[in-house]
Amino acid sequence: MMGMGVKERIFHMVLFEAIALSVMVPLGTVITEHGTGAMTGTLVVLAVIAMVWNYIYNLGFDHLFGHKRMNRTWKMRVFHTLAFEAGLIVFTLPLIMWLLNMGFWEALVLDLGVILFFLIYSFVYNWCYDHAREVLFRHKNLGV
């Protein structure tokens with residue numbers, strides 16, 4: 001099976017972020033006691049940054065480790081997820097501090113909580129996406 005094209009990569013990351021936002025906005029509003037508007041605005045900015053990082057990161061990751069996503073081991077998937085989140089924190093921590101008017105430690109705890117959510121979520125999302133993609137392509141190639 002061939003690797004993802006540009007349109008599929010964009011679909012993959014937009015779907016990823018849309019599902020994440022539908023969970024994170026209400027959760028973040030409750031946890032931080034910031035209003036829905038502030039939380040939505042902050043998370044949308046972070047989502048846009050994450051989508052750009054996602055596109056660049058996954059394009060590079062596929063180039064380095066191959067396009068056969070179904071052949072990736074659990075260890076490779078864990079590495080993929082941890083490396084992505086580590087790179088993302090460089091951009092998100094200062095923005096959380098600024099947008100939500102938080103100090104470093106408060107923003108770091110919030111960012112680490114978000115990262116913990118995304119570590120689990122991105123692992124599960126990508127596993128499900130890859131398997132759904134495999135089934136769809138198999139059916140398409142079989143003419144089903």
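Me: At which residue of H1 does a kink of about 30 degrees lie?
Reply: In this predicted model, helix H1 carries a kink of about 30 degrees, and the bend comes shortly before the proline Pro 26. The residue at which the kink lies is Met 24.

Me: What span does H1 reach from its first C-alpha to its last?
Reply: Helix H1 covers residues 6-32, which is 27 residues, and at 1.5 Å a residue a span of 39 Å would be expected.

Me: Is Val 23 buried, partly exposed or exposed?
Reply: Val 23 has its place in helix H1, and its relative accessible area is 37%. Buried means under 20% and exposed means over 50%, so with a value in between Val 23 is partly exposed.

Me: Which residues form a nonpolar patch on the surface together with Val 23?
Reply: The patch has about 370 Å² of accessible area, counting its members together. Residues three or four places apart on an α-helix point the same way, because there are 3.6 residues a turn. Besides Val 23, the patch is formed by Leu 27, Val 30 and Ile 31.

Me: Which residue follows H1, and what is its phi?
Reply: The buried residues of H1 include Gly 28, Thr 29 and Thr 32. After the helix comes Glu 33, whose phi is positive, near 65 degrees.

Me: What pattern does the protein follow, read along the sequence?
Reply: The protein has 4 helices and 0 strands, and of its 144 residues 37% count as buried. Read along the sequence, the pattern is α-α-α-α.

Definitions and conventions:
Residues are numbered from 1 along each chain as its sequence is written. This is a predicted model: local features need pLDDT of at least 70, side-chain atom pairs count only at pLDDT 80 or more; totals for chains, interfaces and linings use all residues. Side-chain values use heavy atoms; hydrogens and water are left out. Helices (H or I, at least four residues) and strands (E, at least two) are DSSP runs, numbered from the N terminus. The expected span of a helix is 1.5 Å times one less than its number of residues. The bend at a residue is the angle between axes fitted to the seven residues ending there and the seven starting there. Buried means under 20% relative accessible area, exposed over 50%, partly exposed in between (1.4 Å probe, protein chains only). Patches are made of residues with over 30% relative accessible area and no salt bridge: like charges are joined within 9 Å, nonpolar side chains (Val, Leu, Ile, Met, Phe, Trp, Tyr) within 5 Å. Accessible areas come from the Shrake-Rupley method with a 1.4 Å probe; for residues, only the protein chains shown count as cover. A salt bridge is a side-chain nitrogen of Lys or Arg within 4 Å of a carboxyl oxygen of Asp or Glu.
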